[in-house]
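Visitor: Please take me through one residue of this protein, up close. Then place that residue in the whole chain.

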Amino acid sequence: MKKILIFGIGLIGGSIALKIKQKKSFDQIIGVGRSGGTSLSSYVSTGMLDVATEEASKEIASTDFIIIATPVAQTKKILADIYPFLNESSVITDVGSTKSDVMAAANESLKDKFNQFIGSHPIAGSEKHGASAANSQLFENKDIIITPHDNSLDSTIDYLRKFWVSLGGRVSNMTPEIHDEIFSTVSHIPHLLA
């Protein structure tokens, strides 16, 4: 059974789940929410997710693909939490808007399994937030940047590229440093204009 596990079912995580469901590219979509947070069970009843959980450790060992779609500040803890349960063939990515810090966190937390992680940044969004704003067409013709590193396997890069293309994205590779340099400049333009 081909399984995907998504940490954080907001606009990005929910939109990924909807598109995967539409394309039937995974047999099971598991959404992971934080304990004490909003329950994800309603997204199972609407069909966005197949399983909703606050505790993913039992699911991780049999998962093919893991996406971290939470705020960047939570990424390091999630990576450290999943590390003991990862199988050697799982591919892991995030969707954060900064990459150097995420890649450093992944290297530290995933240790010998760092080669299974490649950062992603879908340049897609909406003025609306949360899973209720999720849209299966969110990534259509949008730029998706992936940030392979020296330890990345060609097969992992290829897997991630094909995944984002299947969601409708246009994929390009960049180093984490160049990514952050470009996007810090872009994010400051509105402030400079003001």
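Guide: Start with S120. S120 counts as buried because its relative accessibility is 0%. Buried means under 20% relative accessible area, exposed means over 50%, and partly exposed lies in between, with a 1.4 Å probe and protein chains only.

A word on the source: this is a predicted model, where local features need pLDDT of at least 70, side-chain atom pairs count only at pLDDT 80 or more, and totals for chains, interfaces and linings use all residues. Residues are numbered from 1 along each chain as its sequence is written, and side-chain values use heavy atoms, leaving out hydrogens and water.

S120 sits in strand β6, which covers residues 119–122. Strands are DSSP runs of E with at least two residues, while helices are runs of H or I with at least four; both are numbered from the N terminus.

Now its surroundings. Contact means heavy atoms within 4.5 Å. Setting aside neighbours within four places in sequence, S120 touches T93, D94, V95, G96, K99, I145, I146, L160 and W164. With W164 there is also a side-chain polar contact of 3.0 Å. A polar contact is a pair of N or O atoms within 3.5 Å; within protein, one must be able to donate a hydrogen and the other to accept it, and residues adjacent in sequence count only if both atoms are side-chain atoms.

Step back to the whole chain. The protein chain has 7 helices and 8 strands. Of its 194 residues, 48% are buried. Among contacts with a separation of 6 or more, 74% join residues 24 or more positions apart. The C-alpha trace spans about 45 × 40 × 30 Å along its principal axes.
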